[in-house]
Amino acid sequence: MKVLRRLGVDVGFPEDQTCCGQIAFNGGFRSHAADVAKHFLDVFENEEQVVVPSGSCASMIKVYYRELFEDDPETLERAQAVGEKTRELSDYIVNVVGTSDVGAASEGLVTYHDACHLLRELRIKEAPRDLIGGVRGIELQEMEDSNACCGFGGLFSVKFPEISTAILDEKLKNIAESGAGAVVANDCGCLMHIRGAMERRGMNVRAMHIAELLAEDGTDG
Amino acid sequence: MAEVKSAEFKKASGRALRDEKLQHALEHVMEHFVGARANIIESDFGDESWESMRTRAAAIKQSTLEHLDYYLDMVDKSVRRNGGHVYFADDAAQANAIVLDIAKRNGVKTVIKSKSMVSEEMGVNHILEREGIEPVETDLGEYIIQLAGETPFHIIAPAMHKTRQEVSSLFQEWLKTAPTQDIKRLCVYARDALREKFAAADMGISGANFVVAETGTVCLVTNEGNGRMTTSAPRIHVVLAGMEKIVPAIEDLALFLRLLPRSATGQRITSYNTFVGGPRAPSDEDGPEEFHLVFVDNGRLNLLRDEVMREALRCIRCGACLNHCPVYQKIGGHAYGWVYSGPIGAVVTPPMTNMKVARDLPYASTLCGTCKDVCPVKIDIPRLLLHLRHKVAEGALGERSTTWMERLFVGQWHGAMRNRRALEGKANLGRLLTRPFARGGKVRKLPFAPMVSGWTASRDFPAPAPKSFARLWREELAQDNVHPNGMEQR
C-alpha cells in the first residue's frame, strides 16, 4: 500500500475480498474452489486493475481460472476479463507503472528466490530483480538454483512434511551460502515456508516479501 | 503384472530420505543429467528452436494419439508386409501369454532382453522363469538390478542407486568374479558373461522407443549396443511396445531422435540408433527368422479415453521430468511403487494400475512446474496431477481417498471464503485458539491439528496477526485514499 501510494497510484482494498480459491483447487475440491473464485470475481470485476502481491494467487487467477471454469462459459468469460487486468505486484510496478525505482532505500546484501508459479506460470523473472536493483543501498546477490522450488507446494507441505523439508534444506543451504542478510520473494506461501524453517533453526537471515523491502525508506531499516 | 506398491509411498520415501548412500547417488547423478541437458540444448539450439521442436513433437504425438486406431491398423499392415506378426494385448497377462506361446512353440531355452519398460509392467521375466526359460537382461543397469532382484530406480538409469562396491559383490556372488573397485573391470566381467548369453539365446525381447506406422520400422535408442545384439543375433525377435509408441512417418524420427537423447542424458546422439524392419529377408546375411510385435494396452486405454489425461501418452520416456523434479531428486524412484517414477510416474500409475493403491501419487508433487518446462513433448504434468486430484476429491474413482482432515478443512474454508464477515469470524476464532501456543508471533506446536503438526515438526507457523489487514484498512489506511473502494490508476 505504502509503495503504491508513494508511486502515486490510487489504491483501494475491496473489503469483501477473501481468497482466490487456489487452496481448494490444488486439493482437487473444484466445486468449492469455483464458489470462492466466483466470489473473487464478484468483488473484483468492476475494478480497473487488480494487483496481487503473491505469485501463486496471481497465477491461479490468470492461468488456472481458465481450467476451473472450462465448462462454464459465462463465468469463464468473466474470469478471463478479470485475469487480463490482474497483475502481480512487481510486474505491475515495472511494466504498468513503468519504473524500477520506487524511491526505496535500505542497506545490505539480499538474495532473491524465484517462486515457482511466478516464474513458470507467469514467466516473471526480471521485474522483481529490477525492483531490488532499484533500492538504494541494496545489492542483489544471486543464490545457486534460485529457480528451484522451496518444497512448499501448499497441501504437499503438510501431507509429506519430510520430503517438503528435505527440499527446503537445499534452498536454505543456498540462501546461507549466498551470504545475503535477507531473502526476498514474491509469494506468501514460499515466504511462510522459508521463514518458518529459518526461525525454527535460528538462522540469521530475514525472509522478506518484496513489498516489505520496497517499503523501506532508509529510516526504518 | 508387476506388483503395485504405491500405497507405501510415504513410508518408502521416508526410508529413501534417511538413506545417506542413496542421497549421495541422487545428488550426483541428477546434477550430472540436469547440467548435461542444459549445456547441449544451449550449444546446439538455444531456447527458441528447442521450444519450437518441442511444440512440433507434441503436436505429432498428440495427433497420432487422436487417431490411434488408424495408425495401429497402418502398423499392422506394414509389419505384415515386411513378413512379421502383430499382436494386441489388453493387459499384462495377455501379453505374457503371447510371449510364452511364441517361446514354447519354438522350444526356447534362453531369452536375451534389451531394456523395455513395458516388460517391467508385465513382469515377463518372472513368467518365463516359472516355465523354465532363462531371461537375461543385457542392458548393464538392468542386468545389475536383475541380479539384485530389484526394479528399475530410474526410467533410463535403472541401477543408478548402486555403488561400484555393491555391483562388485553382486558379480562375485552370481558370476564368481574377483572383487574389484575398477568400473572398467566390472564392465568387462559383465560383457564376458553376457557374450555367452548372446551367443546361446534362441529369442531376443526388446522394447521400442518408436514404431513407425508407414514402414513398420521399430526404432531402438541404446548406448550399449545390446539392443542391436538382441534384435539381430537370436533366431526370434519379439518386440514389446506400448501402443502409444507410434509415430506416423520415418521422417518424424529426425525430430524425435534429436529430442530424446538430449532430454535424457544430455547426449547429442545416442551411441546406437537401431532400426529394425522385420525378419531377415532372403537377401539378408543375418537377422532373425521370425519377427513379432506385441502392442500392449495394460491401462493405456484409461489414459486415452480421458481427454485431459490423453496427453500423458505422448511421453517418450526420456526421464527429464524425473531428473529435474525436486521430489524425485530427494526420494528417487522406488518410493513411487511401480514401474514408472517421478512426475510422469505420479501421472500414469494411478490410472494405469489402481487409484486406491496409488492415491498418494497425485499429491506427491509441489506443482513447481519444472517437469512441464523440460518435457520434450510438452506434457502439462501439473495440470494432469490437478486433474487426478480433482477426480479423487469428487470420488469419481470409487472410494473417497481424501482424508477427513482435508474434507473438514476444505468445508470450513469454503464456509469462510464466500463472505468476508464469516472469514473474520473464523479468523478471530483462529486467533483465540492459537493464542496459547504462540510465542513472539510464532506457533511452534499445535496439539489439536494433525495436519498442522506435519508442518510444525520442522517449521514455525506464523501466529495470526493481532489485527487483520481489512481491519487495519478500515481503521487507518482507507482515510488516506480518494476512492475507498476503488483502484483507479493514477
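Visitor: Hi! Which domains is chain A divided into?

Guide: Chain A is divided into domain 1 (2–93) and domain 2 (100–215), with bounds that come from an automatic or database domain assignment. This is a predicted model, where local features need pLDDT of at least 70, side-chain atom pairs count only at pLDDT 80 or more, and totals for chains, interfaces and linings use all residues. Residues are numbered from 1 along each chain as its sequence is written, while chains are lettered from A and ligands numbered from 1 in the order in which they are written.

Visitor: What separates the centres of the two domains, in Å?

Guide: The centres of domain 1 and domain 2 of chain A, taken over C-alpha atoms, are separated by 23 Å. Their contact takes 20 residues from domain 1 of chain A and 22 residues from domain 2 of chain A. Two residues are in contact if their C-beta atoms, placed from the backbone, lie within 7 Å.

Visitor: And which element gives the most to the domain 1 side?

Guide: That is α4(A), with six residues on the side of domain 1 of chain A that touches domain 2 of chain A. The elements that give two or more residues to this side are α1 (2–6), α2 (22–26), α4 (55–68) and α6 (89–97) of chain A. Helices (H or I, at least four residues) and strands (E, at least two) are DSSP runs, numbered from the N terminus.

Visitor: What kinds of residues are on that side?

Guide: The side of domain 1 of chain A that touches domain 2 of chain A has eight nonpolar, seven polar and five charged residues. Here Ala, Val, Leu, Ile, Met, Phe, Trp, Tyr, Cys and Pro count as nonpolar, Asp, Glu, Lys and Arg as charged, and the others, Gly among them, as polar.

Visitor: Switching to Ala215(A): where does it lie?

Guide: Ala215(A) lies in helix α12 (residues 210–215) of chain A. Not counting residues up to four places away in sequence, Ala215(A) touches Lys2(A), Val3(A) and Ala104(A). The C-alpha atoms of Ala215(A) and Gly103(A) are separated by 8.7 Å, with the two residues 112 apart along the chain.

Visitor: Why does Ala215(A) count as partly exposed?

Guide: Ala215(A) counts as partly exposed because it has 19 C-beta neighbours inside 10 Å. A residue is buried if 20 or more other C-beta atoms lie within 10 Å of its own, exposed if 12 or fewer, and partly exposed in between, with C-beta atoms placed from the backbone.

Visitor: Okay, how many helices and strands does chain A have?

Guide: Chain A has twelve helices and six strands. Buried residues make up 53% of its 221 residues. Along its principal axes the C-alpha trace of chain A spans about 50 × 45 × 25 Å.

Visitor: And chain B? How many helices and strands there?

Guide: Chain B comes to 22 helices and 13 strands. Of the 490 residues in chain B, 46% are buried. The C-alpha trace of chain B spans about 90 × 50 × 50 Å along its principal axes.

Visitor: How many residues of chain B are in contact with chain A?

Guide: 56 residues of chain B are in contact with 54 residues of chain A. On the chain B side, the largest share, six residues, comes from helix α18 (residues 381–393) of chain B. That side divides into 27 nonpolar, 15 polar and 14 charged residues.

Visitor: Let's look at strand β7 of chain B. Is it enclosed or exposed?

Guide: Seven of the seven residues of strand β7 (residues 236–242) of chain B are buried, so the strand is largely enclosed by the rest of the structure. On one side of β7(B) sit Ile236(B), Val238(B), Leu240(B) and Gly242(B), and on the other His237(B), Val239(B) and Ala241(B).

Visitor: Which strands does β7(B) pair with?

Guide: One is strand β4 (residues 203–206) of chain B, which runs parallel to β7(B) and is joined to it by four bridges. β7(B) also pairs with strand β10 (residues 290–296) of chain B, in the parallel sense over seven bridges. Two strands pair if DSSP finds at least two bridges between them. As examples, Val238(B) is the bridge partner of Ile205(B), and Glu290(B) is the bridge partner of Ile236(B).

Visitor: Last one: what is phi for Leu367(B)?

Guide: Leu367(B) has a positive phi of about 60°, although it is not a glycine. Leu367(B) is in the loop between α16 (342–352) and α17 (370–374) of chain B. Leu367(B) counts as buried because it has 26 C-beta neighbours inside 10 Å.
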